[in-house]
Structures are given as structure tokens and as C-alpha cells.
Amino acid sequence: MRTLIAGNWKMHGLIAQLAEIESIAAAVAASRPPADILICPPATLIARAAQLADRRIAIGGQDCHSETAGAFTGDLSAEMLRDSGASAVILGHSERRQGHGETDVIVAAKANAARRTGLLAIICIGETQSQRGDGQTLQVCRDQITGSVPERMTAAETAIAHEPLWAIGTGHTPTAGEIADVHGHIRGILVERFGSEGKAMRILYGGSVKASNALQILAIPDVNGALIGGASLKSADFDAIIRIFAAGLAGGPLP
Ligand code: PEP
């Protein structure tokens, strides 16, 4: 399974920051890491970013509407993202679930739109600190996968991003053992629901991934990539993660 290292820029990035994308794309073209590299900038930058990236890295959106077009002021369809040059879209990020009231049903409808359009749907799930404290992590992940990932999704169309809410932007991460437990559980649910496709779906970890912990996290069984917020904004930070992953995989000295 090919690792996916994805950056989520959230609401960060003006035209000047396209230089970071150029720099990441150039580094990836030069080093050819054994991973798919994706940056999801704000929608305003997707078309320019895709042009600049010139297929050296993939460009994605951070959300889409479930409908193709219509009277939905301020929204963007999956078709619009695709038309701008995106090949993937993050869906159901906790900041959208919490800040925009997105339910599992809404996320599933958006995932169907991504599928209809040929965008890789990166469907985010994750438990809050209090759910974790109450021992509900595994059940929350099961419920969110059941509700947010539509029937018949394939591995080529879908990645799951497990992002504990308490780890996003906090500098805290679960232990390697905790990540292994949750990702093993997620794998079990995916296989239960999607059979061999579920076995091949990538499960990303997200939440305070940075150069200093990336190798350890990416080496955990059933961690097939990372969704990275803060450390994806600067090419120096993001490139370091890619380099460390590539060197670790090759068994060579770490940069
Ligand atoms: C995210 O928002 O998806 C995320 C993982 O952020 P950070 O890496 O900054 O914790």
C-alpha cells in the first residue's frame, strides 16, 4: 500500500504562499519519495496550486457540497474542485463537524459526491478528549465510519483519517500503542464492511504530526499515511517529514 502524506492548510494561505507549494513540488520531484504527496490549500489557491504543482504533487480541497450545482451560496461542488485541478478532498474534518454542524449523513453525501466526481475522499473521524476519557474511542470510530463512509466505496476512492480531536494542533499525540490499537480496530471495521477493498483502504493518522515524530508514527501497523496541519504550511517542515519517512523506509541514516 502506498503511503499518503497529505497537508491540510485550513484557512491559511495567500497567493504569496504558493511559493511553498512550488518548493514542496520541486523537492518531491527531485527526491521521488515512496509516497503520494498531497497539499490541500484554501479553495482560492487550488487552480494556481495545481498548475504550479504540475502533477509533481497532488492538490486537493478541504470540503465540498454534495450537490453538483445549485443555489448554495458560498459552497463549492466536487465538480468545481475537480475542474480547478483537485484530485482529492478532505471531508468531515472535526473543524467542519464541530464548527459547521456536519453530521455523518452529510459527510457520507459529500463522500458520494467525491466518488461521483473521481476525487479521492479523505474522510476524517476522531474522538474528543472526553470520549477518550470515557473509553469510547473505538465505538466513536465505529459509529463515524458506519455513518460517514458510504456503501461500495473502494480503496482507490477512499482514505480514512483518524484524527483524535485532542491531538489536533495541540502538540499532544497518542502513544504508538494507542494509535496501533485504534488503527487496528478501524482496519477491522473496514474489512468487515468492504472486504478486500477495506483491507486496501489507507488509514491516515492526523494530529500534531511533525518531523520529530513522523517516522515513529508512520511505522505503526495500519498507519498508511498522515494528515498534517501546522507542519504542512512551510515547505521546510513538510519536506523534512517526507525526507525522514523516505530515509526511515530505506533504513538509511535520518536527515
Ligand atoms: C489537522 O487539522 O488535520 C491536523 C492534523 O492539524 P495539526 O497537524 O496541526 O495537528
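Here are some notes on this predicted model, point by point.

1. Ground rules before the details. This is a predicted model, in which local features need pLDDT of at least 70 and side-chain atom pairs count only at pLDDT 80 or more, while totals for chains, interfaces and linings use all residues. Residues are numbered from 1 along each chain as its sequence is written, and side-chain values use heavy atoms, with hydrogens and water left out.

2. Start with the ligand. It is surrounded by 14 residues, the closest being Lys10, Glu163, Gly169, Ser208 and Gly229; a residue is near the ligand if one of its heavy atoms lies within 4 Å of it. Sorted by class, this shell has 4 nonpolar, 8 polar and 2 charged residues. For the classes, Ala, Val, Leu, Ile, Met, Phe, Trp, Tyr, Cys and Pro count as nonpolar, Asp, Glu, Lys and Arg as charged, and the others, Gly among them, as polar.

3. From His93 it is a polar side-chain atom, 2.9 Å from an oxygen atom of the ligand. A polar contact here is a pair of N or O atoms within 3.5 Å; within protein, one must be able to donate a hydrogen and the other to accept it, and residues adjacent in sequence count only if both atoms are side-chain atoms. On its own the ligand has 290 Å² of accessible area, and the protein covers 95% of that (areas from the Shrake-Rupley method with a 1.4 Å probe; for residues, only the protein chains shown count as cover).

4. Now the largest pocket, which holds about 510 Å³ of space. Its lining has 20 residues, and Ala43, Gln62, Asp63, Arg96 and His100 are the closest to its centre. By class, that lining splits into 8 nonpolar, 7 polar and 5 charged residues. On the method: with a 1 Å grid over the protein atoms alone, a pocket is an open set of points where a 1.4 Å probe fits, with protein on both sides within 12 Å along at least five of seven lines, and lining residues have an atom within 4 Å of a point. Grid points are joined across faces, edges and corners, and the volume is the space filled by probe spheres set on the points.

5. The second largest pocket has about 330 Å³ of space. Of its 17 lining residues, Arg55, Ile57, Ala58, Ile59 and Ser87 lie nearest the centre. Strand E2 (35-40), helix H2 (46-53) and strand E3 (58-61) are the elements that give two or more residues to this lining, and E2 gives the most, with 3 residues. (Helices, H or I of at least four residues, and strands, E of at least two, are DSSP runs numbered from the N terminus.) The lining of the second largest pocket comprises 9 nonpolar, 2 polar and 6 charged residues.

6. His162 is worth a look. It lies in strand E6 (residues 158-162) and counts as buried because its relative accessibility is 1%; buried means under 20% relative accessible area, exposed over 50%, and partly exposed in between (1.4 Å probe, protein chains only). The His162 side chain makes polar contacts with the side chains of Glu127 at 3.1 Å and His183 at 3.5 Å.

7. Where do the backbone angles stand out? Most residues other than glycine have a negative phi. Arg152, though not a glycine, has a positive phi of about 65 degrees. Arg152 is in the loop between helix H7 (137-148) and E6 and, at 64% relative accessibility, is exposed.

8. Asp222 also has a positive phi of about 65 degrees without being a glycine. Its place is the loop between helix H10 (211-218) and strand E8 (225-228), and at 26% relative accessibility Asp222 is partly exposed.

9. Phe194 belongs to helix H8 (residues 176-194) and is buried, with a relative accessible area of 11%. Gln131 belongs to helix H6 (residues 129-133) and is partly exposed at 23%.
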